[in-house]
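Please load the model in your viewer and keep the selection panel open. The stops below say what to select next and what is there.

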Amino acid sequence: MATTNTVTNEEQSNEHSLHTKLNRIFNSSTTSGPVPVHYSIEIAAKDDFDIDQLKRLTPQPVFCALPWISDDNLRYADDFLRSPTLQLTARLRENQYTVLNNVSCYNITEQQVDQLLRATGIRNLFVIRGDTVSPGQQFQNSAGLVQHLRKWQEQQPNHRQFTIAVGGYPYGHYQSSSQTVELHYLRAKISQGADFLLTQTLYDAPSFLRYRDRCREAGITIPIIPGIYVPHSYRHLQALLNLTRIELGPTVRDAFEAHANDAPDQFQAFMVEYFVGVVRELLQMNATTSSDPIKLVHFFTFNKFHLLQEVLGKLDEFFK
């Protein structure tokens, strides 16, 4: 028998706070001085997660995103609350963290989506298509799932606010035949009710700025949040590049390869300095591009909070 909804009023209130937080961040006007910058993080429901390390981060993140592992989560479709990801969601809520739950289109049905929403009370969702698409799956793309979520929201008696994010690909999606086609699909999922866009992992600032310009020229107006990943090993970097199928430019690739055989501490120190440079380049643009400043940066941590804290410490002129 499926577990009934045991989400407390306090946890629901914390979930609703994301919509309020993002409105405050993106709709605030700065008449003088530097643009306030905030950050969010993605963490993993794995054994190396340490909530005490999360609590020590200074400043604290606006929200914590949790990835969706399709095969794992759908195994618990009869009782989503037993899923490690949803158990971590509950733990984070209990500790007053706002959570953004990833939900993948892969092989999930409308009935399972509805059960997920009823059982867990989650209202903040990052909708992704997933790396694999099954020919018979119900949602073939993110637009269909975003549409279903908004329809479900409208059918609820209290119309509780959903906050929905979708993904963007500054280096291009490997299956897109052109930038025009890719922007067509992006506009389609945004038109169904997405609130903001999180990019795939970035490895240089100009690629993000060009991508944002293309989106704005295509009429996309929602906030676009750059996604930053600080690799903790060369092996992990290569694994993620293979997974995301991102081809680095020669300058970035050569810089990374020059440190492929570094000792772990040396490699991590290089990566911290490198991505501090990337983020600084992005945020320094706020002083000259006042019409579209970057107000939120998303970090894919893989639970390596010490690397994130080093980055934040070196950028404390931006992250207050």
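The tour goes from the nonpolar cores to the aromatic rings and then to a set of strands.

The model is predicted, so local features are given only where pLDDT is at least 70 and side-chain atom pairs only at pLDDT 80 or more, while totals for chains, interfaces and linings use all residues. Residues are numbered from 1 along each chain as its sequence is written, and side-chain values use heavy atoms, with hydrogens and water left out.

**The cores**

Begin by selecting Ile41, Leu54, Leu92, Tyr203, Phe256, Phe299 and Phe319, which touch the most other members of the largest nonpolar core, a set of 82 residues. Such a core consists of buried Ala, Val, Leu, Ile, Met, Phe, Trp, Tyr and Cys residues joined through side-chain atoms within 4.5 Å, where buried means under 20% relative accessible area (1.4 Å probe, protein chains only). Helix α11 (residues 264-284) gives the most to this core, with 11 residues; helices here are DSSP runs of H or I with at least four residues, strands are runs of E with at least two, and both are numbered from the N terminus.

Next, centre on Leu92 and, leaving aside neighbours within four places in sequence, show its contacts (heavy atoms within 4.5 Å), among them Ile43, Phe49, Leu54, Cys64 and Val99. A second, separate core has 13 residues, including Leu18, Phe63, Ala65 and Phe126.

**The aromatic rings**

Now select Tyr171, Tyr203, Phe256, Phe270, Tyr274 and Phe275, which form one aromatic cluster. Rings of Phe, Tyr and Trp (its six-membered ring) pair if their centres lie within 6.5 Å, and planes under 30 degrees apart count as stacked, over 60 as edge-to-face and the rest as tilted. The structure holds 15 aromatic pairs, one of them the tilted pair of Phe256 and Phe275, at 6.2 Å centre to centre with 35 degrees between the planes. This pair links distant parts of the chain, since Phe256 lies in helix α10 (residues 250-257) and Phe275 in helix α11, 19 residues apart. Phe256 is buried at 1% relative accessibility, and Phe275 is buried at 0%.

**The strands**

Finally, select strand β6 (residues 196-202), where seven of seven residues are buried. Strand β5 (residues 163-168) runs parallel to β6 and is joined to it by four bridges, and strands count as paired if DSSP finds at least two bridges between them. β6 also pairs in the parallel sense with strand β7 (residues 224-229), over four bridges, and the bridge partner of Leu202 in β7 is Ile228.

Note on methods
Buried means under 20% relative accessible area, exposed over 50%, partly exposed in between (1.4 Å probe, protein chains only).
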